[in-house]
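I opened my notebook for a friendly look through this model. The entries follow in the order in which I looked things up.

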Amino acid sequence: MLLIKCPWCGERPETEFHYGGEAHIERPENPEALSDEEWANFLFMRSNVKGLFRERWHHSNGCRRWFNVLRNTVSHDILAVYRMGEKPPVIEPAEENR
Amino acid sequence: MGKFEHWHSPFEGQENLFSDALKAQPFTAQVNLRGNPDDGVFNGWVKDSLDLELPLEPNRISEGKGCKALWLGPDEWLVIGSDEGLASDLSSPPDGLHSAVTDVSANRVILELSGPHARDVLSKSCELDFHPRVFGTGMVVQTLLAKSQAIIEQVGGDRYHLYVRNSFARYVAEWLSDALLEFQ
């Protein structure tokens, strides 16, 4: 099980959280101007990264806040946790290849 | 106690679940309060209405006169008071203040777990660490207790208050009374 460090509550077991999928997906400025394909891409298409992945988590059984996690999808190492609206931290390439 | 007079406890007929180590607490006024703690107007209004400083540090409580506030989130608190008119104390916020007050007295029932084995029983039921090294009196957490959402507050040396959803209350009480068996 993962131990996830909620930016407010501290380290908590994974069972308290819900996964929210890929982070930093921007809603298009003018949805009505998009083709069906572009709109479907925004709605449904997500990257499937092997390695560092920025994702959203929700502390649903705790403080009920959303936040971002930078996780290695191979090793499950959590490299960083940051709040909504904050910039993702820059990770050195050495870290990335762990 | 007009308001609570007609309320039914979920434990009616289940008194055999309780012992010295596990007790149900009487109905208590509970108010969910949301607002921006960086806003001086909000803080001043809460302080004037409840005579209470809201806890800003996560997982802490603060006590006022006749009521206390539990930290639930960076802009959310649960105010507990014995006076059933607690929500009406907060019924008139200053004009234009961005805040929310919700009476949630019927949302949760409170169980008291106490005695020398209280922490052992919590450890059996919950994944969090309640060792005095990391948890103590005046601290509160929201977590899963026997897989059911709960607020756990340490109110004294080996006394814990468990705020459990009304509809899960009998299940949790049964779980805890079973967990206590090996220590009796």
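Entry one, strand 10 of chain B. I found strand 9 (residues 148-156) of chain B and strand 10 of chain B paired in the antiparallel sense over six bridges. For pairing, I ask that DSSP finds at least two bridges between two strands. Strands here are DSSP runs of E with at least two residues, helices are runs of H or I with at least four residues, and both are numbered from the N terminus. Strands 9 and 10 of chain B form a hairpin, and two residues lie between them. I noted one bridge across this pair: Ala150(B) has Val164(B) in strand 10 of chain B as its partner.

I then looked at strand 7 (residues 108-114) of chain B, which pairs with strand 10 of chain B in the antiparallel sense over seven bridges. There, Ile110(B) has Tyr163(B) in strand 10 of chain B as its bridge partner. How many residues of strand 10 of chain B are buried? I get five of its seven, so I call the strand mostly covered. Buried means under 20% relative accessible area, exposed over 50%, and partly exposed in between (1.4 Å probe, protein chains only).

A note on the ground rules. This is a predicted model, where local features need pLDDT of at least 70 and side-chain atom pairs count only at pLDDT 80 or more, while totals for chains, interfaces and linings use all residues. Residues are numbered from 1 along each chain as its sequence is written, chains are lettered from A and ligands numbered from 1 in the order in which they are written, and side-chain values use heavy atoms, with hydrogens and water left out.

Entry two, aromatic pairs. My search of the whole structure gave 13 aromatic pairs over all chains. The rings of Phe130(B) and Phe135(B) have centres 5.0 Å apart and planes at 90°, so I log them as edge-to-face. Rings of Phe, Tyr and Trp (its six-membered ring) pair if their centres lie within 6.5 Å; planes under 30 degrees apart count as stacked, over 60 as edge-to-face and the rest as tilted. Phe130(B) also pairs edge-to-face with Tyr160(B), at 6.2 Å centre to centre and 75° between the planes. Phe130(B) lies in the loop between helix 3 (118-125) and strand 8 (140-145) of chain B, and Tyr160(B) in strand 10 (residues 159-165) of chain B, so this pair ties together parts that are 30 residues apart in sequence. Both Phe130(B) and Tyr160(B) are buried, and Phe135(B) is buried as well.

Entry three, strand 4 of chain B. Is strand 4 (residues 67-73) of chain B enclosed or exposed? Seven of its seven residues are buried, so the rest of the structure largely encloses this strand. Strand 3 (residues 61-63) of chain B pairs with strand 4 of chain B in the antiparallel sense over three bridges; Ile61(B) has Leu70(B) as its bridge partner. Their hairpin has three residues between the strands, and Gly66(B) takes a positive phi near 75° there.

On to strand 5 (residues 76-81) of chain B: six bridges join it to strand 4 of chain B, and the two run antiparallel. I noted Ile80(B) as the bridge partner of Lys68(B). Two residues make the hairpin link between strands 4 and 5 of chain B.
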